[in-house]
Amino acid sequence: MLADTPGAQAGKDAHWRERDLAVLWHPCTQMREHPDVLPLVPIERGEGAWLHGYDGRRYLDGVSSWWTNLHGHAEPRIAAAIARQAGTLEQVILAGFSHAPAIELAERLLQLAPRQPDRAPLSRVFYADNGSAGVEVALKMAFHWFRNRGEEQRTRFIALENGYHGETLGALAVGDIPLYRRVYAPLLAEALFAPSPDAYMAAPGESDEQCALRAADALADLLDRHPGEVCALILEPRLQCAGGMRMHHPAYLRRARELCDANGVFLIADEIATGFGRTGTMFACEQAGIAPDLLCLSKGLTGGFLPLAAVLATDTLYQGFLDDSRERAFLHSHSYTGNPLACAAALASLDIFEADAVLERNLTTAARMAALAAPLAGMRHVADVRQAGMVLAFELTRDGERHTPFDPALRVGLRAYRAALERGVLLRPLGDTLYWMPPYCIDEAQLQLLAETTAAAITEATACA
Ligand SMILES: Cc1ncc(COP(=O)(O)O)c(C=O)c1O
């Protein structure tokens, strides 16, 4: 096959960009910024950590395509598993019917789920089809469980400041990122917000652990002020992702678990972003030695191939819905609940964790990320380089200290995004927070490219200051 000439490739790129801009409305985008402020990049194919454009350019995926991809793009084993499943059973109603991939995946997830001594393990799996839908399921389950028991005054959720759980109205109600939430506030159920244990907010001289425990004391106060009103606490363990890749000490999670137990409140761990090895362990809860009552999984669940969510629940929760009345059942449903193709992809992804000893290999990769980021920490505008496993993040600030932000009008993060893209690396800063969250298959040369490009992008982006 003759390769396209550069002219033909550029033509294809422009062709798709033009057609896109005529019909698509992109997520999380001010469409007016396309294409002048924000370039639009049509992608023809993916391979490993690379995304290939129609114009022959390639981009290293430094953010795992919105934190979904684990083992690389178009990973052949997952692609083959989906193809096999597609030739067998593509979809079947999951009410009244069942299928092997949904059952096997549930069994394996329950085996892998975080455990806590003297605590009944998570023992039931409810499927949904994206992260936000999974969060809705968990919130509704917690609320409905208390209704079924006649505790109708337990109508409130506690969430953490700076947390994020998705964009549907229930998920937004327990999120605290003003950019996504503010305009819809009149539509949202009123949650209670507890201070974030975010180590970035530590007072001078305070350790990460002390900061976390101070936040836990505030959580205790909040629970005291609302006795018998709260059905669940929802949080992102170890890492508030959309909130700027903010990390906290696991001591917070241990205290939060105790406080939930002491107040008869369910603990919902949203591991949609942190699950499947992102923070170093299979699930972030493991780092605190705790198990939640409800565990929300999505994103990396299918290795990043297909949308799927799983909500794992305890037997106590499950039993609370068994009744002669249909209304006491959990009637929530989505058409594609437990889609066989998505379940097959998830099973193939779990096989890869075993076959390739992914968590062990990630230890080495994470150590390389730390080493390659060390020189960045010395750059003039870089503050608070931090890492949790396969996530490394830092702030761009005026003088390289915490809490000295650039004027938002400068859009330093966006400048860094564009500078990296021009050099063939996809970084997608959250405001002025830059981070690396690459596919686990990233190799040494790619890691070096990521680090060199990040340094160049920082220099270029901050030259405006
Ligand atoms: C922690 C967390 N929860 C929930 C969601 C929502 O998932 P989805 O985008 O699939 O709706 C996200 C998405 O970024 C997330 O990071």
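## A tour from helix pairs to the ligand

Select helix 4 (residues 100-112) and helix 11 (residues 340-355): their axes come within 9 Å of each other and cross at roughly 40 degrees. That angle makes helix 4 oblique to helix 11, where angles under 35 degrees count as roughly parallel, over 145 as roughly antiparallel, 65 to 115 as roughly perpendicular and the rest as oblique. The crossing of helix 4 and helix 11 is left-handed (the near helix is turned anticlockwise from the far one by less than a right angle; right-handed if clockwise). Axes are lines fitted to C-alpha atoms, for helices over the stretch in contact, with angles from 0 to 180 degrees between N-to-C directions. Helices (H or I, at least four residues) and strands (E, at least two) are DSSP runs, numbered from the N terminus.

This is a predicted model, in which local features need pLDDT of at least 70 and side-chain atom pairs count only at pLDDT 80 or more, while totals for chains, interfaces and linings use all residues. Residues are numbered from 1 along each chain as its sequence is written, and side-chain values use heavy atoms, with hydrogens and water left out.

Next, select helix 12 (residues 358-377) and helix 14 (residues 444-462), which pack at about 25 degrees with their axes 10 Å apart. Helix 12 is therefore roughly parallel to helix 14. The crossing of helix 12 and helix 14 is right-handed.

Two loops come next. Go to the loop between helix 1 (6-23) and strand 1 (43-47), where Pro35 is found. The peptide bond from His34 to Pro35 is cis, with omega near -5 degrees. Then move to Met245, in the loop between strand 8 (239-240) and strand 9 (246-247). Met245 is not a glycine, yet has a positive phi of about 50 degrees.

Finish at the ligand. Select Trp67, Asn130, Gly131, Ser132, Tyr164, His165, Gly166, Glu236, Asp270, Ile272, Ala273 and Lys299, which surround the ligand (a residue is near a molecule if one of its heavy atoms lies within 4 Å of it). This shell divides into four nonpolar, five polar and three charged residues (Ala, Val, Leu, Ile, Met, Phe, Trp, Tyr, Cys and Pro count as nonpolar, Asp, Glu, Lys and Arg as charged, and the others, Gly among them, as polar).

Within the shell, show the side chain of Ser132: one of its N or O atoms is 2.5 Å from an oxygen atom of the ligand. In the side chain of Asp270, an N or O atom is 2.6 Å from a nitrogen atom of the ligand. The protein covers 83% of the 390 Å² of accessible area that the ligand has on its own (Shrake-Rupley method, 1.4 Å probe).

How values were computed. A polar contact is a pair of N or O atoms within 3.5 Å; within protein, one must be able to donate a hydrogen and the other to accept it, and residues adjacent in sequence count only if both atoms are side-chain atoms.
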